[in-house]
Amino acid sequence: MIGSEGTLGVITEITLRLQKLPQSSVVAMCNFPTIKDAADVAIATMHSGIQVSRVELLDEVQIRAINLANDKSLPEIPTLMFEFVGTEAYAREQTQIVQKIASEHNGSDFFFAEEPEEKKELWKIRKEALWACFAMEPNFEAMITDVCVPLSHLAELISRSKQELDASPLTCTVIAHAGDGNFHTVVLFDPTKEEQRREAERPPSLKALGAATITGRLHLIQEFKVMGSSATCHTGHAWSTCTGEHGIGTGKMKYLEKELGIENLRTMKRIKDALDPNNIMNPGKLIPPHICF
């Protein structure tokens, strides 16, 4: 059922287990001269064995949007945000270890908060990142991508994608759940100008890689391919995926075929037909319509 996007059945009852809140938590921020430095620290942190709760990456354009939207004066350079949880002593110890890792990768202005209101204010920056983008271009729409790569390849892919996005005449930001290799690009465009829409769907030398247009009630799934090499395909020695968290739906079906191959999709189709012979569970989603066996 997990990952089937409602195509195999309907969940009618769920049993939840309550999780005790951690005794203590620390939220930290650190700035970097390049987005690669920031991504390298995220990778090094995860590989160090530290049980970090969250690692979020924001590029300098996104920080500029946050400053505009919230009347802040944060340094407009790539930024990492962390959350450490556990006992008070453990959370502080992990914070100090990551501060050292950051300093080895050109990190600066390492700041951490322990008070509830301070932590809430810091996480507000990340939670409202998308809506902050519209402070830069209030009447624009956003084309948003969603890809996931092995953590060891995150810095390379983000750096190369960033170069491509910076070459676009449109305003583009990068937001990443850097701890698990998932990142988004936000491409802002004027929906009244067809040339900008085309540019958003195909930035310079970028074809489309899993994007969703979001404006008000509009949620159109589209696709686009980063760096002229689909993230759904085998890149170097690492498998990537066209969706880190937003799902396949209808728009990414063609890329799922490239990612999984025809035989795997046929197996999925057999399972679908066995569990849902009348095809009433979210029909037309996930599996391309031409798949048969």
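Guide: The lining of the second largest pocket divides into 9 nonpolar, 3 polar and 2 charged residues; Ala, Val, Leu, Ile, Met, Phe, Trp, Tyr, Cys and Pro count as nonpolar, Asp, Glu, Lys and Arg as charged, and the others, Gly among them, as polar. The model is predicted, so that local features need pLDDT of at least 70 and side-chain atom pairs pLDDT 80 or more, while totals for chains, interfaces and linings use all residues. Residues are numbered from 1 along each chain as its sequence is written, and side-chain values use heavy atoms, without hydrogens and water.

The space in this pocket is about 190 Å³, a volume being the space filled by probe spheres set on grid points joined across faces, edges and corners. On a 1 Å grid over the protein atoms alone, a pocket is an open set of points where a 1.4 Å probe fits, with protein on both sides within 12 Å along at least five of seven lines, and lining residues have an atom within 4 Å of a point. Of the 14 lining residues, Gly3, Ser4, Leu8, Met268 and Leu286 are the closest to the centre.

H8 and H9 each give two or more residues to the lining, and H9 supplies the largest share, 3 residues. Helices here are DSSP runs (H or I, at least four residues), numbered from the N terminus. H8 (residues 253–260) and H9 (residues 262–275) pack at about 115°, their axes 6 Å apart; axes are lines fitted to C-alpha atoms over the stretch in contact, and angles run from 0 to 180 degrees between N-to-C directions. Contact (heavy atoms within 4.5 Å) involves Leu256, Glu257 and Leu260 of H8 with Ile262, Asn264, Leu265 and Met268 of H9.
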